[in-house]
Amino acid sequence: MRRIEYKFLHWGPFVTHYNMLPEELKSLSALQDGQGFQSGLAGHLKDEYELDSNVVSNIINPYVQSYLLGLYDYRQVKLSNKYKLVNSWVNYQRKYEFNPPHTHDDDLSFVIYLSVPDGLEEECKTSVSNSPGPGCIVFDFNMPSADSYNKLFLQTHAHLPKPGDMFIFPAQLPHWVYPFKATEGERVSVSGNIRLINEKKK
């Protein structure tokens, strides 16, 4: 059968997935936890702490620049020539803890995975469920949920993280994290919110 080539129309939220360098993860892991940050977050987690946003910003800057360049390729519109990391924090997720569906403030958000407990991948693979497995992060485009739509739209993206994974995504994109119940240890992630700044050129 003759293959007919096509062009794909880019659609929906622009989400990028990166693999950070080991030395970058080491620098993030070495950051000292600040004050408790639970009051500003949606997660049902015991340990969530502020981080030094200036240091975090220096580490993630190449990835944010990559995202902004990619966003131009995606939309052909330059939305920003500068940004500010408004806040950043670290999450220590243990079994039975979870992040419910939520969005973030400002324009962009990111999540970086520093460590994932041994056994989580196996728990995810052996989970008896039609939904994404334990410990997965899920991004939801929030399209109508009727079956007729689900057949034609890729509505969600789920990912079981590995150390070094980084996602940058629109802050208003709904996302959540499923709990794990059989695996001991901590799933450690660093997140933050980014504000895009448009400065008029003189």
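Leucine 114 is buried, because its relative accessible area is 13% and buried means under 20% (exposed is over 50%, partly exposed in between, with a 1.4 Å probe and protein chains only). Leucine 114 sits in strand β5, residues 108–115; strands here are DSSP runs of E with at least two residues, helices are runs of H or I with at least four, and both are numbered from the N terminus. Setting aside residues up to four places away in sequence, leucine 114 touches Leu25, Leu28, Ser29, Pro163, Val188, Ser189 and Val190, where contact means heavy atoms within 4.5 Å.

Before going further, a word on what you're looking at: this is a predicted model, in which local features need pLDDT of at least 70 and side-chain atom pairs count only at pLDDT 80 or more, while totals for chains, interfaces and linings use all residues. Residues are numbered from 1 along each chain as its sequence is written, and side-chain values use heavy atoms, with hydrogens and water left out.

Two packed helices are described by the angle between their axes and the distance between the axes. Here the axes of α1 (residues 22–29) and α2 (residues 53–75) come within 10 Å and cross at roughly 155°. The axes are lines fitted to C-alpha atoms, for helices over the stretch in contact, and the angles run from 0 to 180 degrees between N-to-C directions. So α1 and α2 are roughly antiparallel to each other; that label goes to angles over 145 degrees, with under 35 being roughly parallel, 65 to 115 roughly perpendicular and the rest oblique. α1 passes α2 in a left-handed crossing, that is, the near helix is turned anticlockwise from the far one by less than a right angle (clockwise would be right-handed).

At 18% relative accessibility, serine 57 counts as buried. Leaving out neighbours within four places in sequence, serine 57 is in contact with Tyr83 and Leu85. Phenylalanine 110 is 53 residues from serine 57 in sequence, with 11 Å between their C-alpha atoms.

Now for the rings. There are eight aromatic pairs, counting rings of Phe, Tyr and Trp (its six-membered ring) whose centres lie within 6.5 Å; planes under 30 degrees apart are stacked, over 60 edge-to-face, and the rest tilted. Take phenylalanine 37 and tryptophan 89: their ring centres are 5.5 Å apart and their planes are at 40°, so the pair is tilted. This pair links distant parts of the chain, 52 residues apart, with phenylalanine 37 in the loop between α1 and β2 (47–50) and tryptophan 89 in strand β3 (residues 82–93). Phenylalanine 37 is buried at a relative accessible area of 13%, and tryptophan 89 is buried too, at 4%. Elsewhere, Phe14, Tyr67 and Tyr74 form one aromatic cluster.

Tyrosine 96 isn't a glycine, yet has a positive phi of about 80°. You'll find tyrosine 96 in the loop between β3 and β4 (99–102), and at 54% relative accessibility it counts as exposed. Aspartate 106, in the loop between β4 and β5, also has a positive phi, near 70°. At 26% relative accessibility, aspartate 106 counts as partly exposed.

Glutamate 121 lies in helix α3, residues 120–126, and is partly exposed at 41% relative accessibility. Glutamate 121 and lysine 162 are 41 residues apart in sequence and 9.2 Å apart in space, C-alpha to C-alpha. Lysine 7 belongs to the segment before β1 (16–19) and counts as exposed at 81% relative accessibility. From lysine 7 to glutamate 184 it's 177 residues in sequence and 46 Å in space, C-alpha to C-alpha.
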